[in-house]
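Welcome! Please take a moment to look over the model below before reading on.

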Amino acid sequence: MNGPNLNLLGKRETEIYGVHDFKGYLEGLRERYPNVRLDFFQSNMEGALIDKLHEVGFGKCDGIVLNAGAYTHTSIAILDAIKAISIPVVEVHISNVFAREQYRHHSMISEACKGVVTGFGLDSYRVALEGLLG
Ligand code: DQA
């Protein structure tokens, strides 16, 4: 699940987020894990992300890899949604948020997540997935 501005991957600040779009990366992940169903959702809207967490978070899937984008640093509402649902969520970031601006060093959502992966480029999603698969 991807939050705001992540629909622009491949176009957006490519020196930080890389030149590849998410669609192609996800196709590669699906090929690598043929036995895992990987659904995808992206929204630029906080409420839509929360609605999706509620929708899938009670057994419709086994876990969520979540890049909440900048909402990571601001959203108590997303924190509460993660706390409310019953499946594990792994927080991911493409960039190493701790090597960036101070305001990116704090995550509102980490305390409710099973784990945090940050700084491995798009491969952060794979590492998070492997964490969920155990
Ligand atoms: C990000 C890091 C956030 O600080 C930023 O607001 C993003 C992307 C990342 O994947 O590195 O939108 O979550």
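This is a predicted model: local features need pLDDT of at least 70, side-chain atom pairs count only at pLDDT 80 or more; totals for chains, interfaces and linings use all residues.

**The ligand and its surroundings**

Let us begin with the ligand, which sits in the largest cavity. Around the ligand you will find R12, Y17, N67, G69, A70, H73, H93, I94, S95, V97 and R104. By type, this shell divides into 4 nonpolar, 5 polar and 2 charged residues.

| Residue | Distance from its polar side-chain atom to a ligand oxygen atom |
|---|---|
| H73 | 2.7 Å |

How much of the ligand does the protein cover? On its own, the ligand has 320 Å² of accessible area, and the protein covers 99% of that.

**The largest pocket**

Now let us turn to the largest pocket, whose volume is about 660 Å³. Its lining is made up of 24 residues, and those nearest the centre of the pocket are R37, L38, D39, G63 and I64.

Which elements give two or more residues to this lining? They are the helices α2 (22-32), α3 (46-56) and α5 (123-133), together with the strand β1 (64-66). Of these, α5 provides the largest share, with 4 residues. Sorted by type, the lining of the largest pocket holds 17 nonpolar, 1 polar and 6 charged residues.

Notes: Residues are numbered from 1 along each chain as its sequence is written. Side-chain values use heavy atoms; hydrogens and water are left out. A residue is near a molecule or strand if one of its heavy atoms lies within 4 Å of it. A polar contact is a pair of N or O atoms within 3.5 Å; within protein, one must be able to donate a hydrogen and the other to accept it, and residues adjacent in sequence count only if both atoms are side-chain atoms. Accessible areas come from the Shrake-Rupley method with a 1.4 Å probe; for residues, only the protein chains shown count as cover. On a 1 Å grid over the protein atoms alone, a cavity is a set of points where a 1.4 Å probe fits but cannot get out, and a pocket is an open set with protein on both sides within 12 Å along at least five of seven lines; lining residues have an atom within 4 Å of a point. A molecule sits in a cavity or pocket if more than half of its atoms lie within 2 Å of its grid points. Ala, Val, Leu, Ile, Met, Phe, Trp, Tyr, Cys and Pro count as nonpolar, Asp, Glu, Lys and Arg as charged, and the others, Gly among them, as polar. Grid points are joined across faces, edges and corners, and a volume is the space filled by probe spheres set on the points.
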